[in-house]
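Colleague: I am new to this structure and would like a close look at one part of it, the packing of a pair of helices. Please take me through that carefully, and then turn to the charged side chains elsewhere.

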Amino acid sequence: MTVLLALIPALPLAGFAILALAGGVLPRRGIGTVAVGAVLLSALAAAICVIPMLGGGQGVTTVDLWHWVVVPGLKADMALRLDALSAVMIGVITGVGLLIHIYSATFMAEEHGYRRYFAYLNLFTASMLILVLADNLLMLYMGWELVGLCSYLLIGFGYEAPDNGRAARKAFVVTRVGDAAMAVGLFLLVAQFGTLNIAAIMDQAQLQWAAGQPLAIAVTLLLLAGAVGKSAQLPLQTWLPDAMAGPTPVSALIHAATMVTAGVYLIARTHSLYELAPPVQTLVAIIGAATLLLSAFSALAQRDIKRILAYSTISQIGYMFLALGVGAYSAALFHFMTHAFFKALLFLAAGVVIMALDDEHDIFRMGDLRRRLPGAFWGFLAGGASLAALPLITAGFYSKDLILSDAFRSQAGSGWLWAAGVLGAFLTSIYIFRPLFIAFGGEAKTTPQRRATRPELFAIAVLSVLSVIGGLVEIPSALGGYHGFSAFLHATLPAVPVAGETALGEGTLMLISAAVVLAGLGVAWWRFGTGAAVEHDNALLRLWGEGWGFDRVYDLFLVKPYVWLARIDRRDVVDLPYTLIAAAARTLHRGLSATQTGRLRWYAASIAGGAVIIIAIGVL
Amino acid sequence: MADLLLSHGLILAVLLFGAGLLVVLSRRNLMYILMGIEIMLNATGLVFVLGGARWGQPDGQVLFILVLTVAAAEVAVGLALVLQMYRQRETIDADAMRELRE
């Protein structure tokens, strides 16, 4: 069991090592086999580890690999810990990761960086597994930085185009802002408790800290900054839309299903700290609500199919933050799981469309793809319906409904947070049915050049099924009630602190959100489904389209001044003394070498003159 | 008497040395330069002989013979080089040979 647990991250890491060191001699098929095989075996190991836990989420498996850092005041081991929370995470990472590896095997076949792509993808999978299985925060931070690195490498996969490199750099730098804050938070924890072991910190914090203590607030704020950067929440969300420069399967795996939810995982993992800092927990909910609304509006105004999905991802992670903020941890994790299914599915279907139309991203230049690319259409429909949370028949409905009702009924929740979520659900329904009606309906504008291959269709089909039935693990009480998912997680995460009586019951709340979703669908049909799709253009839409101008503000106040300073310092002011020494040496050299004229008689004269001077000095 | 001989001899040596140096510095013809060096060597040789005679030591004579040998070797090598130079460049102008500058 313990060996298997260690194998889960070790296998993709081995796949990475093989591809990086020996991949040059492998044929293309071999590269794909190694990469997919490594993740497949890892997924099997994960399944064997997780299945015995399914009874009630009990049982924690730990494996101590070796002592990593042993210095006075800090001891961190390379140790893995599997509990209900990490079980959900590794299930999604290996499962969805495997499907995306299978999809990539043919999708990326034409790319010349095939080996590099799969090496990075395997490294990413290993890093993400290390992140969620880490038993201490130092190891978690290592995985955290490694996934950031892989994200950077894969966004800039097509590095020949300068724009891709710029997007990769932006993603790296913006997330690094959060990571730096998070590192400071970890330093504070070490200084306070002398350990980074997660379980030990949680225990000691509850013993030593009073609720609302300044130190607790500082630490949770710093950790939140890290989570906000990684999960692309306000105010560090600007990198994710640009990250769509990477290959589409990368967007599906890293920038939708797994890495961007690392922030959600971090907060859920350190929830005891957040419960000791109620103002910060409220802030988490507010950030989530604000992010989900702002980016839902932005998604409405995009023309690029991948940017629609990117803003949608930001928005859906906003829902998860909202749930975390009101203490509904299992609802956040539930939405994380269903979101991983349907958002990966949407990206994979969009990838097929983009590839078939020769790298066309603009939904207004697509049309009638329903008949021309049926595989992509059904996948996109299943994913879109689940994202919009169509009542009863989709997974997204169950998870989003749980978040909304918890936001209303939790002691930490409020009607305002719930209203923001409901408005967001309305917008979600519009913005995802908009590309569906425009690109897949209407008149044909282009002819697809390529059909989806069998592995691609397989991945899309499996994710479609999961997007539809994946929500049945948690059914609200009003519909019969089955709480398998939250019961599983309650071994690790506390239940929602529900306020006794609320103004609206669970059933009423559900009816309202269902009605709102259907209303959104109706609006989308009215605006985009009937007749030819019309492009709208006004100042408000342009503002939404560029993500509320965050980029422009950051550019003006941060990027431009920095570039300006860098330009001033191009000659390196600090290095001036050293460059002066070098310049002096160069001048002397030039002076001395001028005496080397090559004229024999000059040399003779200077020898004679020198001898006279020396003798004169000696005599006098 | 011996001191008078020494001082007159030294004056002659200095004049000879100065004349040689002047030739080396002022002439561009390598043959003249070689002759100038020859004159300077003889000036030093004269000083050794004078010193040996003044103090009645054989060392002065010995050193003069050494200087003579060195001068002979120098002329042999120098003339050979000049000959080679003339064959290759068709000139024996010292200022024309400046390839080794810097």
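Modeller: In this predicted model, helix α15 (residues 329–356) of chain A packs against helix α17 (residues 374–388) of chain A, with the two axes 8 Å apart and at an angle of about 150°. Angles over 145 degrees count as roughly antiparallel, and α15(A) and α17(A) are therefore roughly antiparallel to each other. The crossing that α15(A) and α17(A) make is left-handed.

To follow the contact on the structure, begin on the side of α15(A), where the residues taking part are F342(A), K343(A), L345(A), L346(A), A349(A), A350(A), V352(A) and V353(A). Facing them in α17(A) are A376(A), G379(A), F380(A), A382(A), G383(A), G384(A), S386(A) and L387(A).

From the helix pair we can turn to the charged side chains. Side chains of opposite charge can pair when their charged atoms come close. Over all chains, the structure holds 17 salt bridges, and a few of them can be described one by one.

One of these joins R166(A) and D163(A), whose side chains meet at 2.7 Å, N to O. Both residues belong to helix α6 (residues 162–193) of chain A, and because they lie 3 residues apart there, about one helical turn separates them. R166(A) itself is partly exposed, its relative accessible area being 47%.

Another salt bridge links the side chains of D77(A) and K75(A), at 3.6 Å from N to O. Here D77(A) is buried, with a relative accessible area of 13%, whereas K75(A) is partly exposed, with a value of 44%.

Terms used:
Residues are numbered from 1 along each chain as its sequence is written. Chains are lettered from A and ligands numbered from 1 in the order in which they are written. This is a predicted model: local features need pLDDT of at least 70, side-chain atom pairs count only at pLDDT 80 or more; totals for chains, interfaces and linings use all residues. Side-chain values use heavy atoms; hydrogens and water are left out. A salt bridge is a side-chain nitrogen of Lys or Arg within 4 Å of a carboxyl oxygen of Asp or Glu. Buried means under 20% relative accessible area, exposed over 50%, partly exposed in between (1.4 Å probe, protein chains only). Helices (H or I, at least four residues) and strands (E, at least two) are DSSP runs, numbered from the N terminus. Axes are lines fitted to C-alpha atoms, for helices over the stretch in contact, and angles run from 0 to 180 degrees between N-to-C directions. Angles under 35 degrees count as roughly parallel, over 145 as roughly antiparallel, 65 to 115 as roughly perpendicular and the rest as oblique. A crossing is left-handed if the near helix is turned anticlockwise from the far one by less than a right angle, and right-handed if clockwise. Contact means heavy atoms within 4.5 Å.
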